[in-house]
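Student: I would like to go through this model with you. Could we take it by question and answer?

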Amino acid sequence: MPELPEVETTRRGLLKILPGKKILRAEIHTEKLRLPIPPEISAAIKSAHVTDITRRAKYMIWRLSNGRDLLVHLGMSGRFRHSAKKDFEKTKHDHFILYLSDNTVLAYHDPRRFGLIDWAKQGTADHSWLGNIGVDPLSRDLNADWLYENLRGRKTTMKAALLDQKMINGLGNIYVSEALFYAGIRPTRIAAKVTKLEAARLVPAIKKVLNAAIKSGGSSLRDYRDVDGQVGFFQERFTVYDRAGEPCRTCATPIRQITQNGRSSYFCSHCQK
Ligand SMILES: [Zn+2]
């Protein structure tokens, strides 16, 4: 699943492609992703161009020159492919295709169809999908005081708390394992028992892990590709994730793997308390 770093990498990639280019034609090849794609989008964005793309958690908001905003979410398997028009061949799961004025084509490809392409109301917080989501982990909303207060009432494990998208939106399995390592907290710890000092360590750990992944172009797990078809290399630098039995990079203790709520967690039993 594209996680927040992949979405941010995609946003940055699209910002290099879309602004300044007129959308000559927009084709919808699938009626419904997570929700129906409003059929009038094709006519409404023809001749417009994208002026900016912002992000809130894993949602992208495309601002159009005609004053409307498009909400785009990559779902479980969505990605964009950009190519010269002469090289473009539509494939089975290309659901939304934009033909641009520089003779290139941008195709939204999503085999599992959990993505979202919809109008966002002007003033994006109004969109129903954006009303219920947790804080963006890269925004100032995620700070030590806020995190400590929000963990205090939770009897779940730290792993479950950090994966709760209604608290922090956009943290996936990989980044939770890595951030907990940097903060020295085991994924099995009860959230309510995390100290203020630990919460204060966890905030920069989360931001560090996400920013490192963005810098290397996303994690590239599960065949993730950014819009230019480049593969990210973040996984070569995982500290604990997917390293069961291998030595901790800090203390050489073998990394442990456990299953929590059906998903793997990785930690160092020496470095994390
Ligand atoms: Zn260690």
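**Sheets, helices and turns**

Tutor: β6 and β7 form a hairpin with three residues between them, and Asn103 in the turn has a positive phi of about 65 degrees. Helices (H or I, at least four residues) and strands (E, at least two) are DSSP runs, numbered from the N terminus. This is a predicted model: local features need pLDDT of at least 70, side-chain atom pairs count only at pLDDT 80 or more, and totals for chains, interfaces and linings use all residues. Residues are numbered from 1 along each chain as its sequence is written.

Student: Is Asn103 buried or exposed?

Tutor: Asn103 lies in the loop between β6 (94-100) and β7 (104-109). Buried requires 20 or more other C-beta atoms within 10 Å of the residue's own, exposed 12 or fewer, and partly exposed is in between, with C-beta atoms placed from the backbone. Asn103 has 12 other C-beta atoms within 10 Å, so it is exposed.

Student: Is Ala57 buried or exposed?

Tutor: Ala57 is found in the loop between β2 (50-56) and β3 (59-64). Its phi is near 50 degrees, a positive value in a residue other than glycine. Most residues other than glycine have a negative phi. Ala57 has 20 other C-beta atoms within 10 Å, so it is buried.

Student: How many bridges join β5 to β7?

Tutor: The two strands run antiparallel. Phe80 stands opposite Tyr108 in β7. The number of bridges joining β5 to β7 is six.

Student: What is the bridge partner of Leu98 in β7?

Tutor: β6 and β7 pair in the antiparallel sense over five bridges. In β7, the partner of Leu98 is Leu106.

Student: By how many degrees are neighbouring strands turned against each other, on average, in the sheet β2-β3-β4-β8?

Tutor: Four strands form this open sheet, again with antiparallel pairing. Its edge strands are β2 and β8 (116-120), each pairing on one side only. Axes are lines fitted to C-alpha atoms, for helices over the stretch in contact, and angles run from 0 to 180 degrees between N-to-C directions. Direction ignored, neighbouring strands here are turned on average by 25 degrees.

Student: Which residue in β4 stands opposite Ile61?

Tutor: β3 and β4 (residues 69-73) pair in the antiparallel sense over five bridges. Opposite Ile61 stands Leu71.

Student: At about what angle does α1 run to β2?

Tutor: Helix α1 covers residues 4-17. It lies across β2 and β3. Its angle to β2 is about 170 degrees.

Student: Which residues of α7 make the contact with α4?

Tutor: Two residues are in contact if their C-beta atoms, placed from the backbone, lie within 7 Å. On the α4 side the residues are Ala144, Leu147, Tyr148 and Leu151. On the α7 side they are Lys196, Ala199, Ala200, Leu202 and Val203.

Student: Which residues of α7 meet α1?

Tutor: The axes of α1 and α7 come within 9 Å and cross at roughly 45 degrees. That makes α1 oblique to α7. Leu4, Pro5, Glu8 and Thr9 in α1 meet Leu210, Ala213 and Ile214.

Student: Which elements do the buried residues of α6 pack against?

Tutor: Nine of the 11 residues of α6 (residues 173-183) are buried, so this helix is largely enclosed by the rest of the structure. Tyr175, Glu178 and Phe181 are among them. The buried residues pack against α5 (158-163), α7 and β10 (263-267).

Conventions:
Two strands pair if DSSP finds at least two bridges between them. Angles under 35 degrees count as roughly parallel, over 145 as roughly antiparallel, 65 to 115 as roughly perpendicular and the rest as oblique.
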